[in-house]
Amino acid sequence: MGFSDTEMNREELGNVMTVRAKPAGALFVKNNGHREDEGESRIEPNVGLEFDSAEDAQEFYSLYAAQAGFRIRIGQLYRSRVDGSVISRRFVCSKEGFQTNSRTGCPAFIRVQKNDSGKWVLANIKKEHNHELGLPGEIRPPHIQRKAHPAPRSSNIVSTRTGIRSLEEEDGRPIPSGIVDVKRLKREEAEGLPKVEPYKGLEFCSANEAYKFYYAYAASTGFKVRIGQLFRSKHDGSITSRRFVCSKEGHQHPSRVGCGAFMRIQRQESGRWVVDRLQKEHNHDLDSPMDATRLIAAAPKGFREEAGSGLDNLDLAEANGVLTLAKRGRQSSIGSDWYPLLIDYFQSRQAEDTGFFHAVEVEDGKCMSIFWADGRSRFSCSQFGDAIVFDTSYRSSSYLVPFASFFGINHHKQPVLLGCALIADESEESFTWVFQTWQRAMSGRHPLSIIADQDKAIQQSIAQVFPNTHHRFSMWQIKVKEQQYLGALLSMNTEFKCEYETCICQSQTPSEFDSAWSVILNKYDLKENAWLKEMYRTRKSWVPLYIRGIFFAGIAMDGSVKSFFGTFLNAQTPLDEFVLRYEKALEQRRQEEKRRTLTL
């Protein structure tokens, strides 16, 4: 039976069952002190099951899944809004979601929650699947990596912690920490020792280390790798996740076949990186494993962690039998079938409207971002383009189409469209191109102010293209982050809520704001809160005190201005409906504007 995703009450936790996973994968269950015999009996997840750790819960669900005939993935996690620690985890059917063609949006999952004693309790469960299951026992449960206990250090012992580092000596010299010992890996393989395989939970000291490991694994398996997509923190722009993919991933080149093999790593609070997603299966024949000589010659030199390193623009290319890192272009998140449809639409509009403007960003022969604005939007900008809103609300959730829009506010307080764009990726290059193209379409317009998200890529692009424009952060994004980082305090401590809101909304001078802010940080022990540090650094882009006197066309600080397209267009609008919905929204908005003008 299914359970809704709500919290358990105390009665449900009254008679819990403790489940402990054994390293070999067998389980024994303790219920009120009694132990069941190990055997082939079927295990079933139930609300109230208690585990010593989240890894135990994952292993239990993995074994259950193997018995039932499906695979699992690690789903969403939830953190404490007080100290940021993980307090809840979801483990889902591998067919959950729709990110790949093999997924069916399966709703099956379990959610475990950490209680005050440190145990993890199964709080919610959904057992029903929306797809056919495999045969029981047909799927072998994967090994769940657990944290290794500290062991005495020795000069001839290979560390069991998964930093993929060796403490052995090579030619009398210790191998530096953080470097993949390719010679040792190949020697062990030649001696019949098992080669290192990636698995979920594998831990590294750095993303550089993870890349070298996956590179060595790929070379010894018979495929090549590329550095794939990266993900950044929305509050400070730092890299939080990276993907390393098979070189045949995607379809941008005739040699690529859409291979789904990849390894994704996630940065932890400790600064270490953990494999959180992994797909080993390829949809093509593998090459012969690379011999040790070529592998050592091709060993990557590594990369810097942060922006500007070009990591997300690197490929592994082969020249004269040696693999080297070569620069590649950005990847577009816009489906390839969108380009011909929209370009056809733009050409038909241009035949009707001589003021219609459109542009497509092209990089290395590939279409990237798209921008367009009709004649009326270009005229409206000449009238209402001093204060503009760059609406990228598609980024607030998973999206099918990265649709963004520019709009201003007319003298009736109505939004007026000033242009639209599809954003290829969330890089500074994409946003810079979109802003420059908007400016070109609007005859070199420099707005006095712009309301846009606070992401570092957007901030840097605005500073580059509109150096004298005041950038105000989108209030909806600030509210989301407030709930993420301060939600518990805001909801449970009315005194903190009052002091926090008074500091922000009622401070009249910079010194008054600084003093009140400092009191809050000290009183509530928030000095080390990274989000508050960043918000203080960028206070001139969101605190009312610093925004007074700057023209924003009457758009209130609470962000109450509505999106121009409302419910007509959103991030999930499919291709076959996009143009129709776009034109319908445009027609309705402009009819409302006309009626408003006629009634006054």
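The model is predicted, so local features need pLDDT of at least 70 and side-chain atom pairs count only at pLDDT 80 or more, while totals for chains, interfaces and linings use all residues. Residues are numbered from 1 along each chain as its sequence is written, and side-chain values use heavy atoms, with hydrogens and water left out. The chain holds 14 helices and 24 strands. Helices (H or I, at least four residues) and strands (E, at least two) are DSSP runs, numbered from the N terminus.

**Overall packing**

- Of the 600 residues in the chain, 46% are buried. Buried means under 20% relative accessible area, exposed over 50%, and partly exposed in between (1.4 Å probe, protein chains only).
- Among contacts in the chain with a separation of 6 or more, 58% are between residues 24 or more positions apart. A contact means heavy atoms within 4.5 Å.
- Tyr-64 lies in helix H1 (residues 54–68). Tyr-64 counts as buried because its relative accessibility is 7%.

**Nonpolar cores**

- In soluble globular proteins, nonpolar side chains tend to be buried together.
- A nonpolar core is a set of buried Ala, Val, Leu, Ile, Met, Phe, Trp, Tyr and Cys residues joined through side-chain atoms within 4.5 Å.
- The largest nonpolar core has 32 residues, and Trp-372, Phe-403, Leu-422, Phe-565 and Tyr-582 touch the most other members.
- Helix H5 (338–352), strand S19 (366–373), strand S20 (387–391), strand S21 (403–409), strand S22 (415–422) and helix H14 (575–598) each supply at least two residues of this core.
- H14 gives the most to this core, with six residues.
- Tyr-582 touches Tyr-345, Trp-372, Leu-417, Cys-420, Phe-565 and Leu-569, leaving aside residues up to four places away in sequence.
- Another core, of 29 residues, lies apart from the largest one and includes Cys-381, Ile-388, Trp-433 and Ile-458.

- Two strands pair if DSSP finds at least two bridges between them.
- Strand S18 (residues 357–363) and S19 pair in the antiparallel sense over six bridges. Val-362 stands opposite Cys-367 in S19.
- S20 and S21 run antiparallel and are joined by three bridges. Asp-391 has Ser-405 in S21 as its bridge partner.
- S21 and S22 are antiparallel too, with seven bridges. Phe-403 has Leu-422 in S22 as its bridge partner.
- S21 is mostly covered, with seven of its seven residues buried.
- In a regular strand the side chains alternate between the two faces of the sheet.
- From S21, Phe-403, Ser-405, Phe-407 and Ile-409 point one way, and Ala-404, Phe-406 and Gly-408 point the other way.

**Second largest cavity**

- The structure holds four cavities of 30 Å³ or more. On a 1 Å grid over the protein atoms alone, a cavity is a set of points where a 1.4 Å probe fits but cannot get out, and lining residues have an atom within 4 Å of a point.
- The second largest cavity has about 40 Å³ of space. Grid points are joined across faces, edges and corners, and a volume is the space filled by probe spheres set on the points.
- Its lining consists of Arg-376, Ser-380, Pro-415, Val-416, Leu-417, Phe-564, Arg-590 and Glu-593.
- Helix H6 (375–384), S22 and H14 each give two or more residues to this lining. S22 gives the largest share, three residues.
- The lining divides into four nonpolar, one polar and three charged residues. Ala, Val, Leu, Ile, Met, Phe, Trp, Tyr, Cys and Pro count as nonpolar, Asp, Glu, Lys and Arg as charged, and the others, Gly among them, as polar.

**Positive phi**

- Most residues other than glycine have a negative phi.
- Asp-525 is not a glycine, yet has a positive phi of about 55°. Asp-525 lies in the loop between helix H11 (510–523) and helix H12 (530–537). Asp-525 counts as exposed because its relative accessibility is 68%.
- Ala-553 also has a positive phi, near 55°. Ala-553 lies in the loop between helix H13 (544–547) and H14. Ala-553 counts as buried because its relative accessibility is 9%.
- Asp-364 takes a positive phi near 55° in the hairpin of S18 and S19, which has two residues between the strands.
- Lys-413 has a positive phi of about 65° in the turn of the S21 and S22 hairpin, which has five residues between the strands.

Methods. On a 1 Å grid over the protein atoms alone, a cavity is a set of points where a 1.4 Å probe fits but cannot get out, and a pocket is an open set with protein on both sides within 12 Å along at least five of seven lines; lining residues have an atom within 4 Å of a point.
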